[in-house]
Amino acid sequence: MRIFVTGGCGFIGSNFVRFLLRERPDAEVTNFDALTYAGNLENLTTVEEHPKYRFVRGSICDRAALDAALKGGCDIVYNFAAESHVDRSLHEPQKFLDTNVTGTATLLEASLKAGAKRFVQVSTDEVYGSLGKDGVFTETTSIKPSSPYSAAKAAADLWVLSYHRSLGADVVITRSSNNYGPFQFPEKLIPLFISNALEDKPLPVYGDGMQVRDWLYVEDNCRAIEIVGKKGRSGEVYNIGGKSERENLVVTRALLREVGKPETLIKYVADRPGHDRRYALDISKIEKELGWSPNVGFEEGLKATVKWYLEHREWWTRVKSGAYREYYARQYGGRL
Ligand code: NAD
Ligand code: DAU
């Protein structure tokens, strides 16, 4: 099985590549990644010499680079590549349009030309917009994205679905809630707050901190995405959630307790513009149709995540300082 993963040097992508190489002995994995600020080859040092793993540096916006990387053909494409941070999308929206929409469209064309039998678009619950205190998003909820990030992801979803409806392409879409776990770039809430706490730096809580996210351990998401790729019905969307809704302040206090630091580190700052109040997913479709459910509860997942950040201080210190970028110059310099 020839598997083409894009964005495999990022947080979820790198966990997914390791998952495939560990769990799927028949998988030959190509990881195609542009190595933006979020892409880090150090995330994959444990598999870089694996005989069934190949890394290719390139952008999903670059058709020629895609055609070259896909020359030998492939069976399935998993598209993780994206600009993924909401706050950045408020400052550099064009980048999000380019990568998340044009990049996805370019990748889809190249994949079909290369004979890929299936295209898995890794999307997000943020496409649905914001909920009040009650209610949940199902796969048929209308999309109403709030930020340039989520609007670009929503546009990509519609584009990919149109290839199914009008052109008969075999596509599936996953919409997951907030992931957390090892190798997450410390700009997102949980790794930023864990690493700041370990450095005795303030934890900047936006607004009143009462926004709600549904936390999903990354390993559970990797398993779900692979099942959707394997068994999901063509042209369908699958929500993937952790059944772990928590207010940001609850998450913040829990992680401070786990790290052993005082709540005085909490610093209330100006709210994120357009900040979605609450996300919550109905995941009965993937549970009933594909037999997937999350295995890792929030308390267990947070404990494991804090432990990982405690044991990988060098990793996140280098990421925060930007020094990780020297690694691929040193390690891959001549070959990239
Ligand atoms: P990330 O920011 O950690 O990683 C993104 C990866 O994509 C990086 O390795 C980067 O180098 C690569 N990339 C960016 N632009 C590229 C391009 N033009 N060509 C090739 N590679 C490129 O992101 P993440 O948090 O791992 O998210 C992965 C995917 O999952 C994204 O599509 C995101 O929208 C989606 N998602 C993320 C979450 C979450 O909580 N993190 C939840 C739901 C969905
Ligand atoms: O829901 C899925 C989405 O989850 C993914 O599609 C995105 O790629 C991913 O980045 C994430 O988006 P969020 O905006 O929910 O995640 P973030 O970690 O940036 O923020 C989580 C919550 O914490 C949100 O309510 C904003 C708040 N926050 C975040 C940061 C970085 C703070 O209060 N302070 C912060 O410093």
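## Ground rules

Because the model is predicted, local features need pLDDT of at least 70 and side-chain atom pairs count only at pLDDT 80 or more, while totals for chains, interfaces and linings use all residues. Residues are numbered from 1 along each chain as its sequence is written, chains are lettered from A and ligands numbered from 1 in the order in which they are written, and side-chain values use heavy atoms, with hydrogens and water left out.

## Ligand 1

Let's start with ligand 1, which has 29 residues around it; I12, D33, S84, Y149 and K153 come nearest. Being near here means having a heavy atom within 4 Å of the molecule. Polar contacts are pairs of N or O atoms within 3.5 Å; within protein, one must be able to donate a hydrogen and the other to accept it, and residues adjacent in sequence count only if both atoms are side-chain atoms. The backbone does some of the work: a polar backbone atom of I12 sits 2.8 Å from a ligand 1 oxygen, and one of N179 is 2.9 Å from an oxygen of ligand 1. On its own, ligand 1 exposes 830 Å², and the protein buries 96% of that (Shrake-Rupley areas, 1.4 Å probe; for residues, only the protein chains shown count as cover).

By class, the shell splits into 12 nonpolar, 14 polar and three charged residues. Here Ala, Val, Leu, Ile, Met, Phe, Trp, Tyr, Cys and Pro count as nonpolar, Asp, Glu, Lys and Arg as charged, and the others, Gly among them, as polar. Strand β5 gives the largest share, three residues. Helices (H or I, at least four residues) and strands (E, at least two) are DSSP runs, numbered from the N terminus.

## Ligand 2

Around ligand 2 there are 24 residues, with D125, E126, Y149, R272 and H275 coming nearest. Side chains step in here: polar side-chain atoms of E126 and R272 each lie 2.6 Å from an oxygen atom of ligand 2. The protein buries 94% of the 690 Å² that ligand 2 exposes when taken alone. Elements α6 and β8 are the ones giving two or more residues to this shell, which by class holds nine nonpolar, nine polar and six charged residues.

N31, in strand β2 (residues 28-33), counts as buried because its relative accessible area is 0%; buried means under 20%, exposed over 50%, partly exposed in between (1.4 Å probe, protein chains only). Its side chain makes a 3.0 Å polar contact with that of Y53. Contact partners of N31 (heavy atoms within 4.5 Å) include V5, L44 and F55.

S89 lies in helix α3 (residues 86-91) and is also buried, at 0%. It touches F96, S147, P148 and Y149, leaving out residues up to four places away in sequence.

## Helix α6 and the cores

Helix α6 (residues 189-198) has nine of its 10 residues buried, so the rest of the structure largely encloses it. Those buried residues pack against elements including β7, β8 and α10. After α6 comes D200, with a positive phi near 55°.

The largest nonpolar core has 65 residues, and F4 and I286 have the most contacts inside it. A nonpolar core is a set of buried Ala, Val, Leu, Ile, Met, Phe, Trp, Tyr and Cys residues joined through side-chain atoms within 4.5 Å. Apart from that one lies another core of 32 residues, among them L192, W215, L256 and V306.
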